[in-house]
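Here is a friendly briefing on one protein model. Take a look at the structure first, and then we will walk through it topic by topic.

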Amino acid sequence: MAFQQEPPFSHGQSAGTAVVLCNLGTPDEATAPAVRRYLAEFLGDHRVVEIPKPIWWLILHGIILRTRPAKSAAKYASVWTPEGSPLKVWTQKQATLLRGYLGERGHQVTVRYAMRYGNPSIPAVLDELKAQGITRVLIVPAYPQYSGTTTASVIDAVASWSLKVRLLPELRFVNRYHDDAGYIEALTRKIRAHWMHHGQAEQLVMSFHGVPERTLHLGDPYHCECHKTARLLAERLGLAKDRYKVTFQSRFGKAKWLEPYTEPTLIALGQQGVKSVDVVCPGFTSDCLETLEEINMEAREAFLHAGGQQFQYIDCLNDSPDWIRALTDLTERHLQGWPTKQADDPMALKESRAAALALGAKD
Ligand SMILES: C=CC1=C(C)c2cc3[nH]c(cc4nc(cc5[nH]c(cc1n2)c(C)c5CCC(=O)O)C(CCC(=O)O)=C4C)c(C)c3C=C
Ligand SMILES: [Fe+2]
Ligand SMILES: [Fe+2]
């Protein structure tokens, strides 16, 4: 592979710092061709599906990409907003707010968001930052719980970009924040606020995205980290063990995934006579297809059909000020030692809290 052409003496240019909030990614449009492009990239990642490439390629291109895009596109259409896919809208908003909050604390940093699959891609954003003279980059995955399928894949994308770059920026990565006090507090407040307005259901179901069970046996810490998040959250909420459940959603394929599965658990609760449930998805920092459609539409219907009477979905952290503050604290800790408070980034100087306020920051 050839190295990129570097501008001569580029090491003598300005030395700026950037934070890149990296999320999973989403299709550009709620159409079958756009979903096919997105799924081809996503499901073609060996971190996500570990089946040997020659076999998986035949299944993916021969079966899955012929049938799934149309079905998934219809689901995406049911949650699409005038500004686009919810995942992208929230991630973009979080990046803008984070830039504002960091600016208010005196940090002159550029903040961008990037997507592991789809747009704006991680290499495109890193290219753009490098062209701007950024020399230090902090990568913050939007996943509180570490998983090889998600967090490591973000790191892969950065590492693969770096293969063609001669003069690399200094790079730092946040691996996990599943037990971060600010993150747990933001979730706690979100749930308490919900209870204040709607009352507390008999059961709180904490639903995390699933992964194949074999990844747990092969050493992926994701399952443990989800359970730790859930335990800390239950402790902060003062919830006894019999008042909440931890479940895993979004199973893909026929293999065994982490259990218990969310929808069958909700059906069992309905059948056992539980009349009301609150469902929260603590592993998703932004609402997306998996929360808005799979939980708030499909799982809701399944619970009500099984005899349940009240299903309350609690939104993801999205743009909640408690969450953006926690994200700012976390980012600030990981920026330590970098001279972000010097006037070394003329771009970021212009980016102020006004941008965050214009987007509706509440405090
Ligand atoms: C913690 C976050 C996530 C993990 C872990 C994860 C693993 C994982 N996902 C799939 C397959 C699919 N996931 C899909 C959507 C999706 N997944 C996450 C997050 C995690 N995935 C999010 C935030 C989303 C929503 C994206 C959006 O656009 O809103 C999809 C696509 C939708 C569909 O066609 O059903 C698939 C497919 C696997 C196989 C996997 C781990 C092995
Ligand atoms: Fe997923
Ligand atoms: Fe799903």
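pLDDT is the predictor's confidence in each residue, from 0 to 100. This is a predicted model, in which local features need pLDDT of at least 70 and side-chain atom pairs count only at pLDDT 80 or more, while totals for chains, interfaces and linings use all residues. Residues are numbered from 1 along each chain as its sequence is written, and chains are lettered from A and ligands numbered from 1 in the order in which they are written. Helices (H or I, at least four residues) and strands (E, at least two) are DSSP runs, numbered from the N terminus.

**Confidence**

- The protein chain has a mean pLDDT of 94, with 92% of its residues at 70 or more.
- Within the protein chain, strand 5 (residues 203–209) has the highest confidence, at 99, and helix 13 (residues 346–349) the lowest, at a mean of 51.
- For the model, ipTM is 0.95 and pTM is 0.93.

- Domain 1 puts 25 residues into the contact and domain 2 puts in 22 residues, where two residues are in contact if their C-beta atoms, placed from the backbone, lie within 7 Å.
- On the side of domain 1 that touches domain 2, helix 2 (53–79), helix 3 (86–104) and helix 12 (321–335) each supply at least two residues.
- Helix 12 gives the most to that side, with six residues.
- By type, the residues on that side of domain 1 are 12 nonpolar, eight polar and five charged; Ala, Val, Leu, Ile, Met, Phe, Trp, Tyr, Cys and Pro count as nonpolar, Asp, Glu, Lys and Arg as charged, and the others, Gly among them, as polar.

**A look at helix 12**

- The expected span of a helix is 1.5 Å times one less than its number of residues.
- Helix 12 has 15 residues and should therefore span 21 Å, which agrees with the 21 Å between its end C-alpha atoms.
- A residue is buried if 20 or more other C-beta atoms lie within 10 Å of its own, exposed if 12 or fewer, and partly exposed in between, with C-beta atoms placed from the backbone.
- Among the buried residues of helix 12 are Trp 323, Ile 324 and Leu 327.
- The cover over the buried residues of helix 12 includes strand 1 (16–23), helix 3, strand 3 (134–141) and helix 6 (181–198).

- In strand 1, eight of its eight residues are buried.
- Gly 16, Ala 18, Val 20 and Cys 22 point one way from strand 1, and Thr 17, Val 19, Leu 21 and Asn 23 point the other way.
- Strand 1 runs parallel to strand 3, joined by seven bridges; two strands pair if DSSP finds at least two bridges between them.
- Strand 1 also pairs with strand 2 (residues 109–115) in the parallel sense, over seven bridges.
- Thr 17 has Arg 136 as its bridge partner in strand 3 and stands opposite Val 109 in strand 2.

- Most residues other than glycine have a negative phi, and most peptide bonds are trans.
- Asn 119 and Pro 120 are joined by a cis peptide bond, with omega about -10°.
- The peptide bond from Glu 259 to Pro 260 is cis too, with omega near 0°.
- Ser 250 has a positive phi, near 60°, and is found in the loop between strand 6 (244–249) and helix 9 (262–271).
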